[in-house]
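Here is a friendly briefing to read alongside the sequence and the 3D view. Please have both open as you go through the topics.

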Amino acid sequence: MSFAVEFQAVSRHFGPANAPVKAVDGVDLTVPEGAFFAMLGPSGSGKTTCLRLISGFEKPTAGSIRIFGQDVSDIPPNRRNVNTVFQDYALFPHMTVRDNVAYGLMVKGVDRRLRAGKAEEMLALVKLEGYGDRKPSQLSGGQRQRVALARALVNEPRVLLLDEPLGALDLKLREAMQDELKALQARLGITFVFVTHDQGEALSMADSLAVFNNGKIAQIGTPAEVYAKPRTRFVADFVGSSNVLAPEVTRAFGGPDRWSSLRPEALRLTAPDGVALSGTVTAHRYLGAGSRVSVAVNGTEVSALVPAGHGLPATGSTVGLAFDPAALHVMEGEG
Ligand code: ADP
Ligand code: MG
């Protein structure tokens, strides 16, 4: 298999050696060519620094990076065949949309006519035909996002880096753009490295994803693997807000003496009589498509997802809890 991007023990530390900020810390990862790869993690976990290391705007303090098999230690950003769609789009406000899109070609010395033609082609690709003469301030947020995308794609990169590109859009538009980006990636066959702190976005878009925590990769795998089999408490909690059960609670739930996770949608509320497991309802949270019901079991809060249309037990009442034992996922570590 050929890899678009490979990290070998890559670190990027900032500040003094005796008290470094370990933005990226010993990261190993491979992004297959043509993949839609997501980097998912909370704010400050090192995602943007990873993208900057790939694009060449940042150099590793340790380890090595390869792009399509080539060590890029000595390759400057403009010769890496990598482009970035920035979080804030970074469009030039005084330039027209057309000139924004054609900017990379201008820098390369491509002549004006060819540039304009290529810019039109890219605007068509992102469904913005006819917007070339406008200024960025005359566009909606979603349209500006498309211009930023066109401006990166005009350079025909082999790897496109996207840093939380949909973060500024409202939910409806964000979902539409998720579908479009996914379709565009499939059509162009370019490798996408997509950074987000939104677990739903990463799960729905990525072929594979890396979950970041404190500059390290907590887990790497397909969305289904990471969701169903979180390796650590952090992953279980961050990717889909699972119930994380301490060893003694896992035992009470019929499992081994280990940390485990149990998805709220796997828990069913039953009548309290004659069941192995019961608890007291402490809260409800209405979510639209259902409700999340919190239940205290011997001092541990777990939540169960109750689909809309099912009756909700009153706060303070006793309920039984049932689940398929296969849904109880025992974790490798507890970190
Ligand atoms: P994310 O994109 O996941 O939010 P970043 O990669 O931007 O995270 O940052 C990771 C950590 O590195 C943060 O603690 C951030 O403050 C720190 N950091 C990033 N860039 C620098 C820098 N140039 N100097 C010092 N610290 C930095
Ligand atoms: Mg960031």
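In which sense do β9 and β10 pair, and over how many bridges? They pair in the antiparallel sense, over five bridges; strands count as paired if DSSP finds at least two bridges between them. This is a predicted model, where local features need pLDDT of at least 70, side-chain atom pairs count only at pLDDT 80 or more, and totals for chains, interfaces and linings use all residues. Residues are numbered from 1 along each chain as its sequence is written, chains are lettered from A and ligands numbered from 1 in the order in which they are written, and side-chain values use heavy atoms, with hydrogens and water left out.

**The sheet**

- Six strands make up an open sheet with mixed pairing, in the order β6-β7-β8-β3-β9-β10; strands (E, at least two residues) and helices (H or I, at least four residues) are DSSP runs, numbered from the N terminus.
- β6 (82–85) and β10 (216–221) stand at the edges with a single partner strand each, so one side of each has no neighbour in the sheet.
- On average, neighbouring strands of this sheet are turned by 20 degrees against each other, direction ignored; axes are lines fitted to C-alpha atoms, for helices over the stretch in contact, and angles run from 0 to 180 degrees between N-to-C directions.
- β6 runs parallel to strand β7 (residues 159–163), joined by four bridges, and V82 has V159 in β7 as its bridge partner.
- In a regular strand, side chains alternate between the two faces of the sheet.

**Strand β9 and its partners**

- Five of the six residues of β9 are buried (under 20% relative accessible area, with exposed over 50% and partly exposed in between, using a 1.4 Å probe and protein chains only), so β9 is largely enclosed by the rest of the structure.
- With β3, β9 pairs in the parallel sense over four bridges; the bridge partner of F37 is S208 in β9.
- With β10, β9 forms a hairpin that has two residues between the strands, and N214 in the turn has a positive phi of about 55 degrees.
- F212 has I217 in β10 as its bridge partner.

**Helix α1**

- Helix α1 (residues 47–55) packs on the sheet, touching β3, β6, β7, β8 and β9 (208–213); contact means heavy atoms within 4.5 Å.
- The direction of α1 makes about 155 degrees with that of β7.
- Seven of the nine residues of α1 are buried, among them C50, L51 and L53.
- Just after α1, G56 takes a positive phi of about 95 degrees.

**Aromatic rings and charges**

- The structure holds five aromatic pairs: rings of Phe, Tyr and Trp (its six-membered ring) pair if their centres lie within 6.5 Å, and planes under 30 degrees apart count as stacked, over 60 as edge-to-face and the rest as tilted.
- F36 and F192 form a tilted pair, with 5.5 Å centre to centre and 45 degrees between the planes.
- This pair links distant parts of the chain, 156 residues apart: F36 is in strand β3 (residues 36–40) and F192 in strand β8 (residues 191–196).

**Domains**

- The domain assignment (bounds from an automatic or database source) gives domain 1 (3–235) and domain 2 (241–330).
- The C-alpha centres of domain 1 and domain 2 lie 38 Å apart.
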